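User: I am new to this structure and would like to learn how to read its features. May we go through them in turn?

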Amino acid sequence: MQLETLPLTTQIHLFRQAKSIIAPHGAGLTSLSFVRPGIRVLELFGADYVNVCFWALAELVAAQYTYMISDDFSKASEGYNSGSLRLTSQQIDGIIKWAS
């Protein structure tokens, strides 16, 4: 899902109703401001860039925050934090169990 293509009111509704959020690090996670306390949040990072700003926001809204760093990250040419994260099937299985 590309949050930037959705109206702000839709983004707020999605985050408010979510039971868990799994997302790569990015501006879309600013909508954590609208989550319910206790929600599970998993932020995905490439190994070459980790930023704690959304951990801090998750703490403010009493979310259960964790993160995962992907060692397999192919960098795109258009920006410092753009590219593709690759996860193994075992990592995906773990994420699904964690989010349930």
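**Reading the model step by step**

Analyst: Let us begin with a single side chain: Gln 11 is buried, because its relative accessible area of 12% is under the 20% cut-off. The model in which this is seen is a predicted one.

User: Where is Gln 11 found, and which residues does it touch?

Analyst: Gln 11 belongs to helix α1, which spans residues 8-17. Residues up to four places away in sequence are not counted; beyond those, Gln 11 touches Leu 3, Glu 4, Leu 6 and Ser 31.

User: In which elements is confidence lowest and highest?

Analyst: For the protein, the mean pLDDT is 85, with 88% of residues at 70 or more. Confidence is lowest in strand β4 (residues 72-75), where the mean is 55, and highest in helix α2 (residues 53-60), at 96.

User: Which residues of α2 are buried, and why do they line one face of the helix?

Analyst: The general idea comes first. An α-helix has 3.6 residues a turn, so residues three or four places apart point the same way. In α2, the buried residues are Phe 54, Leu 57 and Ala 58. Viewed down the helix axis, these buried residues fall within an arc of 100°, so they line one face of α2. Among the elements that cover them are β2 (40-46) and β3.

User: How many residues does the largest nonpolar core have, and which have the most contacts inside it?

Analyst: A nonpolar core is read as a set of buried residues joined through side-chain atoms. Here the largest one has 17 residues, and Ile 21, Leu 32, Val 35 and Ile 39 have the most contacts inside it. At least two residues of this core come from each of β1 (20-24), β2 and α2. The most is given by α2, with three residues.

User: With which residues is Leu 32 in contact?

Analyst: Neighbours within four places in sequence are left aside. Leu 32 is then in contact with Phe 15, Ile 21, Val 41, Phe 54, Leu 57 and Val 61.

User: What follows α2, and is Ala 62 buried or partly exposed?

Analyst: After α2 comes Ala 62, with a positive phi near 60°. This is a positive value in a residue other than glycine. Ala 62 is found in the loop between α2 and β3 (64-70). Its relative accessible area is 44%, so Ala 62 is partly exposed.

Technical notes
Residues numbered from 1 in each chain as written. Predicted model: local features only at pLDDT ≥ 70, side-chain atom pairs only at ≥ 80, totals over all residues. Heavy atoms only, no water. pLDDT = per-residue confidence, 0-100. Helix = DSSP H or I, 4+ residues; strand = E, 2+ residues; numbered from the N terminus. Buried < 20%, exposed > 50% of the residue type's maximum accessible area, 1.4 Å probe, protein only. Arc of directions from axis to C-beta. Contact = heavy atoms within 4.5 Å. Core = buried A, V, L, I, M, F, W, Y, C linked by side-chain atoms within 4.5 Å.
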